[in-house]
Amino acid sequence: MSKTVFMFTIAVLIAGIANAQRTIDRPLKVKIINTPKNFDITLTLDSTIDPKRVWFQYYDGKNNILLPDTLTGKRVVVIRREFYSEMASFTVNYLDSAKHGYRFEFLISDKPASFTVKHIPNEEHLLSYTNLKNAIPTEDSVVNKSWAHRVAFMKKYSDPKENAEADLFLKQNTEFYKSDSLKKVFAGFMKHFQQLDMDWMKTYRNDYFSFWYFNNRVADVSGFDGDKAHLQQQLDFYRNTFPTKFTNSVEGKWMIKKFEDRIHGIPIKTGDDAPIFTLKTIDGKKINLNQFKGKYVLLDFWATWCAPCMAEMPFIKDIRKKYPPEKLAIIGISDDINSKAMKEVIKKEHMTWFHYQDEDKTMRELYQVSAIPMLFLIDKTGKLLYKSDLEHSDADRLPQVLSTLN
């Protein structure tokens, strides 16, 4: 069962582990806080790893944040960031020379953490580690007893036949997310495994790891198949299962807000009034959507680390050439963390339009952006004229709309 669930975890995230120095003899029961703290982590990359194929991400109690700017080629990397829960989760991702993805995740606090990462090929596609200090591996049954409890529960209550069917589906449909019918099949499997996890969590509701696991592995706030009844079921479970010390924390309140926005929020669609915003661009200019009345506005949600975003950039630059600023304003909404790297790319690529660094995800939340790249075209009166559908190419669809501009 554990292999099947791990495969599903990887699928959802896309849309014998090594020697440790400490053990945990009981579930994780920690104090939840409502003010931000900082983690400090030092990673050493073993000689079995190519530093240029590594990237990191972390969950700060609100969002999962990718740190692609850590692809520096260094073997020792020090990362300091802010987080809003008692324990942040930090993930090391690695793509080996055969283009097989490996990963491992750790829970860390405000105590300085460190470990060495190794790459040893294995069926589970998990990285190995040594020299662990002040970090708890999330998927190590020896070190993390909370994970061991989950593994034992799944082994006892899961159906081997259903596990085999799920494994076969993923092997035969590696790009299921490109087909609506296959996405529905996947959603069915996913809901089944989510329910098993929630059954396990009922027994370990006071365990912080259980709470963290729901937020990061079970919560389907993106509404994968648009089933709001399923989202409501998850939200009800969340509120009724975990103690208030968890659900009333910043972490808990943020998750509840995400659920409620998805369940009760009205999706932004073409023809609607575009949400009003005021931004301060990276060069210090203050801009407001209302100031562009009388001209068209193109919002480009992107990031330097997003390969599809950068692949689409020549198309955006071509739009800039065809439609002058007095007719069409372009505003890039960057998901980057590293402002220096972002500005370097903007300069190098001659991206001559407004740019805003959306560090706190305010614009992503306002425009309900679940994936990038994402384009929004706003007309002269402030109404939404075009929105990427994440299924068809903007380069194929948007020019047809732009050709009608007057």
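## Lysine over aromatic rings

In this predicted model, Lys 62 lies over the face of Tyr 84, at 4.2 Å from the ring centre, and the charged end of Lys 62 also sits over the ring of Trp 254, 4.9 Å from its centre. A charge is taken to sit over a ring if NZ of Lys or CZ of Arg is within 6 Å of the ring centre and within 35 degrees of the ring normal.

The model is a prediction in which local features need pLDDT of at least 70 and side-chain atom pairs count only at pLDDT 80 or more, while totals for chains, interfaces and linings use all residues. Residues are numbered from 1 along each chain as its sequence is written, and side-chain values use heavy atoms, with hydrogens and water left out.

## Aromatic pairs and a cluster

A search of the whole structure finds 33 aromatic pairs, where rings of Phe, Tyr and Trp (its six-membered ring) pair if their centres lie within 6.5 Å, and planes under 30 degrees apart count as stacked, over 60 as edge-to-face and the rest as tilted. The pair of Trp 200 and Tyr 204 is tilted, because the ring centres are 6.2 Å apart and the planes stand at 40 degrees. Trp 200 counts as buried at 0% relative accessibility, whereas Tyr 204, at 23%, counts as partly exposed (buried means under 20% relative accessible area, exposed over 50%, partly exposed in between, with a 1.4 Å probe and protein chains only).

Phe 211 and Phe 246 form a stacked pair, since their ring centres are 4.9 Å apart and their planes at 25 degrees. Phe 211 lies in helix H5 (residues 208-218) and Phe 246 in helix H7 (residues 244-247), so the pair ties together parts that are 35 residues apart in sequence; helices (H or I, at least four residues) and strands (E, at least two) are DSSP runs, numbered from the N terminus. Phe 211 is buried at 0% relative accessibility, and Phe 246 is buried with a relative accessible area of 0%. One aromatic cluster includes Phe 211 and Phe 246, with Tyr 208 and Phe 259 also among its members.

## Contacts of helix H5

Tyr 208, Phe 211, Trp 212, Phe 214 and Asn 215 in H5 meet Glu 251, Gly 252, Met 255 and Phe 259 in H8, contact meaning heavy atoms within 4.5 Å.

Helix H5 also holds Ser 210, which is buried with a relative accessible area of 0%. Not counting residues up to four places away in sequence, Ser 210 touches Trp 200, Met 201, Tyr 204 and Phe 242.
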